[in-house]
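Trainee: Hi! Could you walk me through this one before I start on my own notes? I'd like to go piece by piece.

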Amino acid sequence: GYFIINGSERVIVAMEDLAPNRIIVDIDNRGTKPIHEAKVFSTTIGFRARIEMRMKSDGALYVSMPGVPTELPLIILMRALGLKSDKEIAEAISFSKNVQNLLESSFEKALGVETVEDSTLYIGNRVAPGQIEEYRRRRAETIIDRNLLPHIGRTPEKRSEKAIFLGEMAFRIIELRMGRRKPDDKDHLQNKRLKLAGPLLADLFRVAFRNLCRDIKYQLE
């Protein structure tokens, strides 16, 4: 990370960042009632997506992800990923009855959205409102495949694995809510990584190349 440019010394300083692809649970006490949450910085080559799951004061679980302007009820997202029955969804989170009992509010938020197709359209209505139904469905499927947990994969075949990962996030939040788990320490070394000269330079070249391609596209248009 040490360079001499035009006779001047230049050093790339390492950056400290949260570990990618690792679930971190915490309690947000900024509001009147605590909100239990889990987040993961899903990272793949050239793309980083922050996926956040929150259990609000109503006891329901919601997921936020890039490309979707609003939070999505967890159960609807799990159905869109291919889990058709309530039993499949509950068991993807936990086999414990005590944990499953705390999912009641989450299932109530999904009333009326009972199939994979309905769930996909529900998401499409929020990412492409006013468009024809077929486009809304395709847009929702594209966001699910490309923006949701990209480190697991970005193809339709990986949807079931993404559902299992979301189930693990939900399980940890419920454990935190029940007092069985403590919040993760974001300052602990196991939850951090150092970005050294190589990755930092790669990011700079990647951003510069992306901007160059965008400028060329605008000139061609």
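Mentor: Happy to. Let's begin with Leu-149, which sits in the loop between helix H6 (133–146) and H7. Helices (H or I, at least four residues) and strands (E, at least two) are DSSP runs, numbered from the N terminus. This is a predicted model, in which local features need pLDDT of at least 70 and side-chain atom pairs count only at pLDDT 80 or more, while totals for chains, interfaces and linings use all residues. Residues are numbered from 1 along each chain as its sequence is written, and side-chain values use heavy atoms, with hydrogens and water left out.

Trainee: Thanks. What is the phi of Leu-149 near?

Mentor: Near 50°, a positive value in a residue other than glycine. Most residues other than glycine have a negative phi.

Trainee: And is Leu-149 buried or exposed?

Mentor: Leu-149 is buried, with a relative accessible area of 0%. Buried means under 20% relative accessible area, exposed over 50%, and partly exposed in between (1.4 Å probe, protein chains only).

Trainee: What about Asn-6, where is that found?

Mentor: Asn-6 is in the loop between strand S1 (2–5) and strand S2 (8–11). Its phi is also positive, near 55°. Asn-6 counts as exposed, at 79% relative accessibility.

Trainee: Back to H7. How many residues does H7 have?

Mentor: H7 has 20 residues (159–178) and reaches 29 Å from its first C-alpha to its last, close to the 28 Å expected at 1.5 Å a residue. That expected span is 1.5 Å times one less than the number of residues. Just after H7, Gly-179 takes a positive phi of about 85°.

Trainee: Which residues does Arg-159 touch?

Mentor: Arg-159, which lies in H7, touches Leu-81, Glu-141 and Asp-145, not counting residues up to four places away in sequence. Contact means heavy atoms within 4.5 Å. Arg-159 is buried, at a relative accessible area of 18%.

Trainee: New topic: how many salt bridges are there in the structure?

Mentor: The structure holds 16. A salt bridge is a side-chain nitrogen of Lys or Arg within 4 Å of a carboxyl oxygen of Asp or Glu. Some of them join up: Glu-37, Arg-50, Glu-52, Arg-54, Lys-56 and Glu-71 are linked in a network.

Trainee: Can you give me a couple of pairs from that network?

Mentor: Glu-52 and Arg-54 meet at 3.5 Å, N to O, and both residues are buried. Glu-71 and Lys-56 meet at 2.5 Å, N to O. Glu-71 lies in the loop between strand S7 (61–64) and strand S8 (72–73) and Lys-56 in the loop between S6 and S7, so this pair ties together parts that are 15 residues apart in sequence. Glu-71 is partly exposed at 26% relative accessibility, and Lys-56 is partly exposed at 28%.

Trainee: Which residue does Glu-114 form a salt bridge with?

Mentor: With Arg-79, the closest N and O atoms being 3.9 Å apart. The pair links distant parts of the chain, 35 residues apart: Glu-114 is in the loop between helix H4 (104–108) and helix H5 (116–127), and Arg-79 is in helix H1 (residues 74–80). Glu-114 is partly exposed, with a relative accessible area of 43%, whereas Arg-79 is buried at 3%.

Trainee: Last one: how many helices and strands are in the protein?

Mentor: Eight helices and nine strands. Of the 221 residues, 40% count as buried.
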